[in-house]
Amino acid sequence: MARMTMIEAVRSAMDVSMARDDDVVVFGEDVGYFGGVFRCTQGLQAKYGKTRCFDTPISESGIVGAAIGMAAYGLKPCVEIQFADYMYPAYDQITQEAARIRYRSNGDFTCPIVLRMPTGGGIFGGQTHSQSPEALFTHVCGLKVVVPSNPFDAKGLLISSIEDPDPVMFLEPKRLYNGPFDGHHERPVTPWSKHELGEVPEGHYTIPIGKAEIRRAGSAVTVVAYGTMVHVALAAAEDAGIDAEVIDLRSLLPLDLDTIVQSVSKTGRCVVVHEATLTSGFGAEVVSLLQEHCFYHLEAPVVRVAGWDTPYPHAQEWDYFPGPARVGRALAEVMEA
C-alpha cells in the first residue's frame, strides 16, 4: 500500500474522482498551474486540462457562487478556499444559496459541491491564517461538515464528499498535512510515512460521512476530538497515564452521536477538545447532547479544552493552542471530581 502525506491523499482523492467522473471539476485561487498554496492540486491541470482544473480570481464569493451554478446544471465542483479564514466573503453564498437549494426546490435540485479549506493553527500563521470556523457551518441546516485527522481518512472522506449530492465543507487541518502533530511543538514531528494511517490505497475507496472512529480504547474517561486535536488527545492520555478512550469524530455534521453516547455511558466522564474559540464552539453542542443523553451516567461535569476567546495570537501560539499539558490537566480534573 502507498504511503502518503495528507496533501498527497487529498490530491489522490481528487485525481481518482476526476478520472472516474468527467463532471468533477477543481478550481480556486492558484490551484491550476501553481498546484495550490499547499500543493494539494499539483499536477491535476496538466493531467486533466484547463477546463477541469483552473485558477480563479481572488474572489471567494465568486468562486462559491460559480460552483453553485455549475452544480445546479450537473457538474460536481470541488473547490479550494485557500485558507478557511478567507471563506467569510462567501458565507452568504454558502448559507443562503448552497445549503438551501434542496429545500427551496422541494428536492428538484441538489448542490453537489465540496469546499476544501485548510483550517487551524500551529504554523505561526497569525490571526488571518489560523482560524477554525467549523461551528459557523454546523449551525447551518443543509450543510455537511467533515474534518479528517489523517491521510487514510482524508482520501476516503473526500471521495465520499465529492460523490455526495449535498454541499460538504471539508476542513483540512493544515498542521497535519505532513505529519501527525500531537502538540509537542518542541519535538520533531513523526512523518506520515512512519505512521500506520499514512498507508493509503491508491485507488477508489470511501469512508461514510457521519461515522466516528475510536482511536484509543479506554474505560476511565472519554475524550471527544477531531482534526489535530485527536493526536493531541492521544498524546495527553499517554503522558498522563490515564485509561482514556479517544473518539475521532471525523464528521461534525452529521454527528455520530451513538458512538459518543455509548462511550460516555461506559466511562462516566468526558473531556471535549477543539482548537477553535471556546465560546459557542462545537464542543458546546457536544456537551449539551451529553447532558441530554448521558446525564444519569455522568460521574463528573464534562470539561471543554479549547482556544482562547481572542483572535489567534501570533506571539502566543503555543499558549493559545490546546496542547497535551492543557488536555492532561482537564483529564486529571474530571478524574478527581
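In the predicted model, seven strands form an open sheet with mixed pairing, in the order S3-S2-S4-S5-S7-S6-S12. Strands S3 (53-55) and S12 (251-253) stand at the edges. Each has a single partner strand, so one side of each is left without a neighbour in the sheet. Neighbouring strands are turned against each other by 20° on average, direction ignored.

Strands of a sheet pair through backbone hydrogen bonds, either parallel or antiparallel. Strand S5 (residues 114-119) and strand S7 (residues 168-173) take the parallel sense, with 6 bridges between them. Within this pair, Arg116 stands opposite Phe170 of S7.

Helix H1 (residues 6-20) lies across several strands of the sheet: S2 (24-28), S3, S4 (76-80), S5 and S7. The helix runs at about 135° to S2.

Nonpolar packing was examined next. The largest nonpolar core holds 59 residues. Met14, Leu158, Val271, Val273 and Leu331 have the most contacts inside it. H1 gives the most to this core, contributing 8 residues. Both domain 1 (2-200) and domain 2 (213-336) supply residues, so the core lies between them.

Val273 illustrates the contacts made by one of these residues. Leaving aside neighbours within four places in sequence, Val273 is in contact with Val223, Val224, Ala225, Tyr226, Met229, Val305 and Val327. In soluble globular proteins, nonpolar side chains tend to be buried together.

Methods
Residues numbered from 1 in each chain as written. Predicted model: local features only at pLDDT ≥ 70, side-chain atom pairs only at ≥ 80, totals over all residues. Heavy atoms only, no water. Pairing = 2+ DSSP bridges. Helix = DSSP H or I, 4+ residues; strand = E, 2+ residues; numbered from the N terminus. Axes fitted to C-alpha atoms, helices over the stretch in contact; angles between N-to-C directions. Contact = heavy atoms within 4.5 Å. Core = buried A, V, L, I, M, F, W, Y, C linked by side-chain atoms within 4.5 Å. Buried < 20%, exposed > 50% of the residue type's maximum accessible area, 1.4 Å probe, protein only. Domains from an automatic or database assignment.
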